[in-house]
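Subject: The structure I promised you

Hi,

Here is the structure we talked about.

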Amino acid sequence: MRPILLRLENFTAYTRPQEIDFSDLNFFIIQGKTGAGKTSIIEAICYALYGKVPRYKGLGVHEHLLSKGQRRMRVYFEFSVKGKRYAVDRLYEVSKSPVVRFYEGSKLLNLKVKEVEEYISKLLSMDYETFTKVIVLPQGQFDRFLKPNKPVERREILNRLLGYDEIFEKMNRIIKDTLSQLRIKKESLDAEYESIKYAQEGILREKEEELKKKRQNLEHLTKEKEDLSALLQKAIEKERLQKELSERESELSKLLSLHEDIQKKREKLYTAKEVLDYAPSLKEYEELSENIHKLTEEKKLLNMELLKYKDELTQMEEERKRLEQEYTKLDELRSKERELEITKERLIALLDLQKKINQTLTQIEDREKQRNRLKDELGILQEDLSQKEKQLSDIEQKLLELENVEEEYAKLTAIKSIYDQLPHIYAEIEKTEELLKQNKERLVLLESDVKNLEGSLFEAYVHEIKSKLLPGDICPVCGNEVHKIVTHHRSEDLSFAQIREKLESLRKEEQNILNSLGGYENRIKELRQKHEEILRSGGMSQQEFYIKYEEIKKKYHLYKSLKEKEKQIRQVCESSRSKKSEKEIVLSKLEASLEHAKEHLSELKNQEETEMKRLSEILGRHVRDPKRELGLLEEDLGKIKGRIASVQHEYENLRKYMEELRIKASRIEEQIKQKERLKEDMRTRLAEVGKTLYPALQKFGDIEKLKELCLPKEEVQRLEKEVIDYERHTESLKTQIERLKNILSGYPQELSRQRIEEKLKDLDKVIYRVNQEMGILIREVQEIREKIERRKAIEQEIIKLSRELWKYEALEKDMRSEKFPEFVSRHMLQTILDRASFYLLKFSSGIYEFKLTEGDLCVIDRSSGHERSVFTLSGGETFIASLSLAFAVSDVISHSAPLESMFIDEGFGALDRETRESLGEFFELIKLNAGRMVGIISHLEDLAEKFDQKIVVEKRGDYSTIRVEVI
């Protein structure tokens, strides 16, 4: 990940919009005073990518990051991964849910807030925890990692950097939990095994034989039941046929009782068919008669409606004449309306003039307040300037008193490097004495182990001889013939060769420890001699020197502090003088502007007085309140305009209404004529239809009788179907009755359903009892079979569990004794050192590389071929070594992540000025060999001078600003 562009708005100290363009940056420093907001730049990058920062964990991160007094915060971050551009835009507003947008190139991806972090973690190949360790390196920890006070401290720092403490704790918890679960499971299996060990193969065979006999008996009973069931079906079928015959005979009897009614329907059907041909004409005759009657009624209604419209038209004509007289009076009202409009415009102009007067008065008042405030501020500035000049005089006096302390401090610092070796000598003596003690303790244990193994070796030798002998062979020990081989259980499974090999290894280790004991004792003696030499060369005890050094150091820091304070106060004084000058200029301009505003106010008041007199003459009364006069005028205007509009509207509505009445009357007259013509046509057609119906009327009587006999077509069809169905159903029943009598003659007379059912019921009880007995036997057989299988499975599982228990007990022991964490830390330390050597060779122009010797960290000087302890490195060499370790740890943690940039936060404060001045050459090497963007965060001004590329953070009052400088 390589940064391209960062925009901030209301983020921590950045209350005003700020922007950083990283495009031209490669190796740069983020410079600024403590608290200015340097680290906030890195936090903004972290927040943009993951929505959280390391400083504020848990909920409420937005409230901590939002600038004080603001309600809206925004962070926009653009970056590249392997040359491809991406951007993330986070927006937060108080009382609203955070909004995040993610861009791939210029394309907006449709991702939810939670999905953005998952997408970025996958894109960068590192999650939030890894990112915060890889991108922002806690550089101060690498100096302590390189030169720890105690050997164990290096492992603690490494575990903290790599996150191993949490991993080891989790592993330990998992091992203990697993071990507990395995023990509980084994106890459960042991208890279960005790409960089922009675299940044997012999019992299973007895139960299976008994089950076989029961099955044979059940088959015999089932066959007997099938025979009875078949006989029962015949008895049931006979009963069903008898019942069906009785039902058919009863149904036929009911049909024959309806014969006379069917005969009447047959005669009605014949007459209806004869009259059916006259049905269309009869229907038309009825419809024509009804329509002629309807037309007569409709014509009456239309004549009444026409008369109503004509009366209304007569009334409207008289109203029209009245409105025309009103219309002639409108010209007088329009003339009065124009006069009032002109007066209204004058009143509005007067009100605007009064508004300008009020605005001018407000401006004058505001400027007078501003003038008074500026005078107060000038007084405060003058007083503050006097105080600062007095402070400056006091500081200069104190600096004269501390004039020679800088030279004295430099001399003592040179001597201090000699005394600084003492803690390392003490640590090495302590470490060597501890190793000497451990080796002696190990030697005692080895002697015991060798003695035990010598006994096991003899036992294994005897066991090996026995394993090759057979009855009848000659024993190689006693020379007698072997009759029987007695096998003894061995405590170990190791062979004779393995025990011998292990014994030789222990003896070799024992010899190595004996050889190393002398070396440790000689080294302790050398270190103590070196300690005495250092005390003699310094001329005073270590305690006396450090007391004097600390006293001079305090004076030196006081001197530096006063120099810095002197510089700051001078800058403040210069700034105060500049501000005072600026405010005096502003005050002069403000007083001139105030005088001009007062003159303009006088002119406006004269115009107001003239306009008030004119309006009083027009209105014929003294005008005191123009706004009230405008309201009265608008009220009169509204009445006049309302009256004019009312007359016009009323006249136009009357005209339209009269036109509508005339149109409606004309339409009704036309409808009356159409209905008269239609009625005449219907009478002609009615006479023609009467001639067609004449023959039927002569035969059957009048129209009403003919209508009664003329049935609908559906009714005729229904009668016809009813008659036919009756005849068919009667014949069908007679045929079925005959068929059923023939079938029943073939069944035996003595067949009894009741007796057969009783036999079947008794048989079912017997079968049910046998089935119950079989079910019990089947369950017993299944249960015994399952228990036999379970017993075998438990035996295998107990063996497997015992092996697992042995492994986890060994793991628990290793974790408890710190063997496994020590092994992992040692392995990772070697991996990091291999990678750190790659960077150290680059940054030192091929001179230095790291080496791990007996758990201690050394540096190989390739120019001389000698090994050096890291405690002998100078300040500049220590910085380069620490930086190489930082790069290495970053590479190891990031694995295959596309790591194209990193930031090192505040790691140079502990370096002296001379060392920092020599860092320029190292920075050039880093710039050429780092292969990634590197940002150094520091508040030291002399260090910033070494960089061509800078991001300068400045604190201005309650906000900070950012400036990018590239030379």
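Predicted model: local features only at pLDDT ≥ 70, side-chain atom pairs only at ≥ 80, totals over all residues.

Residues are numbered from 1 along each chain as its sequence is written, and side-chain values use heavy atoms, with hydrogens and water left out.

The whole chain

You'll find 25 helices and 15 strands in the chain. Both are DSSP runs numbered from the N terminus (helices: H or I, at least four residues; strands: E, at least two). Of the 967 residues, 35% are buried, meaning under 20% relative accessible area with a 1.4 Å probe, protein chains only; exposed means over 50%, and partly exposed is in between. Now take the contacts (heavy atoms within 4.5 Å) between residues at least 6 apart in sequence: 77% of them join residues at least 24 apart.

A pair of helices

Two packed helices are described by the angle between their axes and the distance between the axes. Here, helix 8 (residues 201-256) packs against helix 19 (residues 713-744) at about 150°, and their axes are 9 Å apart. Axes are lines fitted to C-alpha atoms over the stretch in contact, and angles run from 0 to 180 degrees between N-to-C directions. Helix 8 and helix 19 are therefore roughly antiparallel, the word for angles over 145 degrees. Among the residues that meet are Leu-241, Leu-245 and Arg-248 from helix 8, and Leu-733, Ile-737 and Leu-740 from helix 19.

Is Ile-30 buried or exposed? Ile-30 counts as buried because its relative accessibility is 0%. This residue belongs to strand 3 (residues 27-31). Beyond its neighbours within four places in sequence, Ile-30 touches several residues, including Ile-41, Phe-903, Ile-937 and Val-953. Between Ile-30 and Ile-962 there are 932 residues of sequence separation, yet their C-alpha atoms are 9.7 Å apart.

Arg-816, in helix 20 (residues 753-816), counts as exposed because its relative accessibility is 59%.

Cheers

Note on methods
Parallel < 35°, antiparallel > 145°, perpendicular 65-115°, else oblique.
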